Amino acid sequence: MRTRCLVKLSVTGLSLWFVSAAANASVQQLEADLQARLAGDGASMAIGQLVEEANSYVAEDVAITYANGDLLSIARYRVQGNYAAPNSITLDGLSISEVGMNTPVLSVGELVLMEPEAAVPALETFKAEGSVLKALNARDITFRLEGSMAEELAAELDSKALAGYLSIDSLDLEAVSSAAVGLMAMQGISGELNDLETGISATLALADMRLEALEGLDHPGEERLEHGELNGFSLIGEEWSVLLENAWVKGNSYIGEAGFSGAEFDLGELIHLVPPAEREELQAINRVLTGGTGRLSAEGQSQSQWREEGGCHRLTSEGFLNLSGAGSLEFSMDLPVSLPKGATLEQATQNPALFEAATLHGGNVVVAYADEGMLPRIATEMAAQEGISEEQAISEAWAQARQLGPLLGPQVTKLMVGMVDIMAGKAQSLTVNVALPDPFMLNQFILNPMSSSERLTFTFELK
């Protein structure tokens, strides 16, 4: 009996020794991996302590000083789960400081990587072809425009000196690769941007932004997005502001929805931010769009969808754009479409060449413009620039529209004359209905719209 107990105690002790040795080995491996993958050659690393916790391995007070003097600090680096195949990595108190700077250029309160490829991933793994970042969550992020980071951003913005900061309360990423982003969500974005060369300063705020199922990044022109949205954007300077309450997009260029609301611009004050040589043209645009008030509000939306009806597809679309105090534009279209032989609807919506090779079988496009003062103000601006009366400017516009008749055709000429009628105050709105022939090749219209327009039937209504 005593012998059996001694054997059991020996086995238990041996098991504990193996567990302890394995844990110690993992902690030592963590130190070695941090040195190899985060520090690298030419850098020195110091660690406050290495500890094993319940199913996790921790390095505390990690400080890596690189050859150029930059410092990477991590208050707590924690590997959760099996060291060889971790469930997650958590970095608390991450900061990067450049030599000579009093504050970190980047700080992150907490960063969590889910199911990483290694306990200490090398940056090269995220850049490798086929690499996928499964999930990343970061909190309390602050970028400071100092040192090399400010220099790089200033170079991209063609400025000599920038200062300021950008803070993000939370950032979530899922299924990120070179070809797609499953999810990117940010909340609580704020910051300040100061151009030290021009003296222009602005405060930035964005309540939240979200992108879902963004695909086709490896094929330019074929990108598609299941859903994207931002809310509560503002950029405010000393005497100017740009505001956007909400903007959203779904799908791609052919199927989907996009729109924005609550857009407001201080055009009159924004003019003073551009070089003096460019201000005169912008002041003319301001007078035309706002009547000199300097304030412009806008909203818009468009929606397109495909339907299949007995082997033939139908493309329908509608939308609007409102510029408060200037004018509004509404459009709708209903087009029967047959795709190139062998092409599917999914292929056509992802490949612009296939869509442009489609054949239209009649259909209608309706465009309605309602003026709120923009076109008459164009006449006023033309007269002021040419030193003539408004009546003379409008007469010249009528004459030019008719002179272009042989080149543009009678249909387009009628459209131009109708717009001049609104400039003259003879009408306030113009609705154009365009009937398409059957068949009608879309790519031919794209290549030579003036020639193809003769096959279209226009109906005009002035009010």
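What follows is my request and one connected answer to it.

Could you take me through helix 9: which of its residues are buried, and what covers them?

The chain contains 13 helices and 20 strands. With a radius of gyration of 32 Å, well over the 23 Å that the globule rule gives for 463 residues, the chain is more spread out than a compact globule. Its C-alpha trace spans about 115 × 60 × 35 Å along the principal axes. Of the 463 residues, 37% are buried. Among contacts with a separation of 6 or more, 54% are between residues 24 or more positions apart. The chain exposes about 25500 Å², and carbon and sulfur atoms supply 55% of that area.

Now for confidence. The average pLDDT of the chain is 86, and 91% of the residues score at least 70. Confidence is highest in strand 5 (residues 106-114), at 97, and lowest in helix 1 (residues 2-39), at a mean of 58. Residues 1-23 have a pLDDT below 50, and beyond near neighbours in sequence this stretch has two contacts in the model. Where pLDDT is low, the predicted coordinates should not be read in detail.

With that in mind, here is helix 9. It takes in residues 390-403, which makes 14 residues. The buried residues are Ala 393, Ile 394, Ala 397, Trp 398 and Ala 401. Seen down the axis of helix 9, these buried residues fall within an arc of 140°, so they line one face of the helix.

What lies over the buried face? The cover includes helix 8 (374-386), helix 10 (405-408) and helix 11 (410-423).

Let us follow one of these neighbours, helix 8. It has 13 residues and reaches 18 Å from its first C-alpha to its last, close to the 18 Å expected at 1.5 Å a residue. Its buried residues are Met 374, Leu 375, Ala 379, Glu 381 and Ala 383. Among what covers them are helix 5, strand 17 (364-371), helix 9 and helix 11. After helix 8 comes Gly 387, whose phi is positive, near 70°.

Helix 5 leads us on to another spot. Leu 273 sits in the loop between helix 4 (267-270) and helix 5 (279-290). Its relative accessibility is 30%, so Leu 273 counts as partly exposed. Leaving out residues up to four places away in sequence, Leu 273 touches Ile 200 and Trp 240. For a sense of scale, Leu 273 and Phe 355 are 82 residues apart in sequence and 42 Å apart in space, C-alpha to C-alpha.

Most residues other than glycine have a negative phi, and most peptide bonds are trans. Asp 140, in strand 6 (residues 133-144), has a positive phi near 55°. Ala 175, in strand 7, also has a positive phi, about 50°. Ala 175 is partly exposed, with a relative accessible area of 39%. Ser 170 lies in strand 7 (residues 162-176) too, but at 8% relative accessibility it counts as buried. Beyond its neighbours within four places in sequence, Ser 170 is in contact with Ala 138, Arg 139, Ala 185, Met 186 and Gln 187. Finally, the peptide bond from Asp 438 to Pro 439 is cis, with omega near 0°. Pro 439 belongs to the loop between strand 18 (429-435) and strand 19 (440-441).

Conventions. Residues are numbered from 1 along each chain as its sequence is written. This is a predicted model: local features need pLDDT of at least 70, side-chain atom pairs count only at pLDDT 80 or more; totals for chains, interfaces and linings use all residues. Side-chain values use heavy atoms; hydrogens and water are left out. Helices (H or I, at least four residues) and strands (E, at least two) are DSSP runs, numbered from the N terminus. Buried means under 20% relative accessible area, exposed over 50%, partly exposed in between (1.4 Å probe, protein chains only). Contact means heavy atoms within 4.5 Å. The expected span of a helix is 1.5 Å times one less than its number of residues. The arc is that of the directions from the helix axis to the C-beta atoms. pLDDT is the predictor's confidence in each residue, from 0 to 100. The radius of gyration is taken over C-alpha atoms; the globule rule is 2.2 Å times the number of residues to the power 0.38. Accessible areas come from the Shrake-Rupley method with a 1.4 Å probe; for residues, only the protein chains shown count as cover.
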